[in-house]
Amino acid sequence: MGSNGYQAPAVTKSPFTPYFTPANNGGAALHPEDPKTPTLFRPLQIRNVTLKNRIMVSPMCMYSCEFDPSSPFVGALTNYHLAHLGHLALKGAGLIIIEATSVQFNGRITPNDSGLWQDGTDSEQFRGLQRAVELMHSQGAKVGIQLAHAGRKASTVAPWVAAEAGKARLRADESVGGWPHDVVGPSGGEEHRWSPVENEYYAPRALSTAEIQELIAAFARSAQLAVAAGVDVIEIHGAHGYLLNEFLSPVTNKRTDEYGGSFENRTRIVREVAAAIRAVIPADMPLFLRISATEWLEGQAVAAESGTWDIQSSIELVKKLPEWGIDFVDVSSAGNHKDQKINIHPTLQTDLAGQIREAVKAAGASTLVGAVGLITEAEQASRLVQGADEASTAEAMLPGPSPMADAILIARQFLREPEWVFNTAKRLGVPVTVPRQFERAA
């Protein structure tokens, strides 16, 4: 009590940071149970994690980490990442998935990518991740991390570095932190180089069975560190022509052991990675999988020769995910072969998500589906998930088109329009919370 009899109100400090910041939760609908509130702004529960809305930030590589392999900061998130990820949390995203984070030194796309292979909670990789998670949590966002290995597409330079050299892509040698002699894939040799263009990519060598086991253990070790750092969701990267996607496709997987050949063998590595991660994370933590629903090789000579990974392959895979402990499939496409033919249109990938979700529902499976790609407008985003919070039987009776997804993931639109969540709420007429520091501008 002050000398004038006035007592200042208590200040609500975020419990997630060692320094002062108000406990914020921007982007949450003020009336989520109101029937007029669009599904996009209704909570989504996945295991024991509840998202305040259905808007997720898709992982985006920033190519902004230390590359010197002798530095303790190699692969660690930096102050740049705090600013980048923090402002997305401040501006209302329900779940922010941290960029592709390599589980092994040679698993980065570029030497400037993030990693989580250093042992222990005293490493700079762990500290950088923990600090970013604390900041995002303080702003009311849930945090995911995409664990990845780039496979045969590893050891290239950041895209703007290649562009400055007049190249679409450019491989990274030792002088810039690259690892030209340790680029790996399910199969090896010049014929498995991603691009035949000189100096774009290195030819991979085939992983041994023992190295595959080490890789699986590395995914589990990184997941365990992510949990210790406070992450809420783990996503396995199985898309875009990176290592797990390379195992899935008969185009890039020519192995004759238990990890190649049949559909069961080619998908084995995803099952074993999921099992290894599930064994070390809390039972109530959600596990996601990103896939390329198709590699867009239908009608191409390479597919006629070996078969391809297509939408039907993805549907068969997704049906298995509940028994593998995977709760959510993040549906992307392409990236596994230079001969892909993509007819780009506004619903290119959301249509794929819709097909997979329809098959999931028909099979009575519980897997949730995320749509990503070319989602830019409020009405478009809302329409994709509208009604997805209804029970299955009620959902089928809703007027209008069926939901295409249970949540949306946005990447580049957040780079163009960081306040997309608030702008979308305004366009849809949804009252939402804003950070305390923003209230006077509301």
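**View A. Arg-47 and Asp-327 form a salt bridge, with 2.7 Å between their closest N and O atoms.** A salt bridge here is a side-chain nitrogen of Lys or Arg within 4 Å of a carboxyl oxygen of Asp or Glu. The two residues belong to distant parts of the chain, 280 residues apart. Arg-47 is in the loop between strand 1 (44-46) and strand 2 (49-51), while Asp-327 is in the loop between helix 9 (311-324) and strand 11 (328-332). Helices (H or I, at least four residues) and strands (E, at least two) are DSSP runs, numbered from the N terminus. Arg-47 is partly exposed, at 35% relative accessible area, whereas Asp-327 is buried, at 14%. Buried means under 20% relative accessible area, exposed over 50%, and partly exposed in between (1.4 Å probe, protein chains only). Arg-278 joins Arg-47 and Asp-327 in a network of salt bridges.

The model is predicted: local features need pLDDT of at least 70, side-chain atom pairs count only at pLDDT 80 or more, and totals for chains, interfaces and linings use all residues. Residues are numbered from 1 along each chain as its sequence is written, and side-chain values use heavy atoms, with hydrogens and water left out.

**View B. Two further salt bridges join Glu-190 to Arg-193 and Asp-257 to Arg-255.** The N to O distance is 2.9 Å for Glu-190 and Arg-193. Glu-190 is exposed, at 55% relative accessibility, but Arg-193 is buried, at 18%. For Asp-257 and Arg-255 the N to O distance is 2.7 Å. Arg-255 is buried, with a relative accessible area of 12%. The whole structure has 16 salt bridges.

**View C. Phe-247 and Tyr-259 form an edge-to-face aromatic pair, one of 8 aromatic pairs in the structure.** Rings of Phe, Tyr and Trp (its six-membered ring) pair if their centres lie within 6.5 Å; planes under 30 degrees apart count as stacked, over 60 as edge-to-face and the rest as tilted. In this pair the centres are 6.5 Å apart and the planes stand at 80°. Phe-247 is in helix 5 (residues 243-248), and Tyr-259 is in the loop between helix 5 and helix 6 (263-266). Both Phe-247 and Tyr-259 are buried.

**View D. Phe-288 and Phe-328 form a stacked pair.** The pair counts as stacked because its planes are at 20°, with the ring centres 4.2 Å apart. Phe-288 lies in strand 10 (residues 287-292) and Phe-328 in strand 11, so the pair ties together parts 40 residues apart in sequence. Phe-288 is buried, at 0% relative accessible area, and Phe-328 is buried at 0% too.

**View E. The charged end of Arg-108 sits over the ring of Phe-105, 4.4 Å from the ring centre.** A charge sits over a ring if NZ of Lys or CZ of Arg is within 6 Å of the ring centre and within 35 degrees of the ring normal. Phe-105 also belongs to a cluster in which ring pairs link Phe-105, Trp-117 and Trp-179. Elsewhere, the charged end of Lys-153 sits over the ring of Tyr-242, 5.0 Å from its centre.

**View F. The largest cavity holds about 60 Å³ of space.** Of the 13 residues that line this cavity, the closest to its centre are Ala-100, Gly-107, Arg-108, Ile-109 and Ala-148. On a 1 Å grid over the protein atoms alone, a cavity is a set of points where a 1.4 Å probe fits but cannot get out, and lining residues have an atom within 4 Å of a point. Strand 4 (residues 95-102) gives the largest share of the lining, 3 residues.

Notes. 1 Å grid on protein atoms, 1.4 Å probe; cavity = no way out; pocket = protein on both sides within 12 Å on 5 of 7 lines; lining within 4 Å. Points joined across faces, edges and corners; volume = space filled by probe spheres on them.
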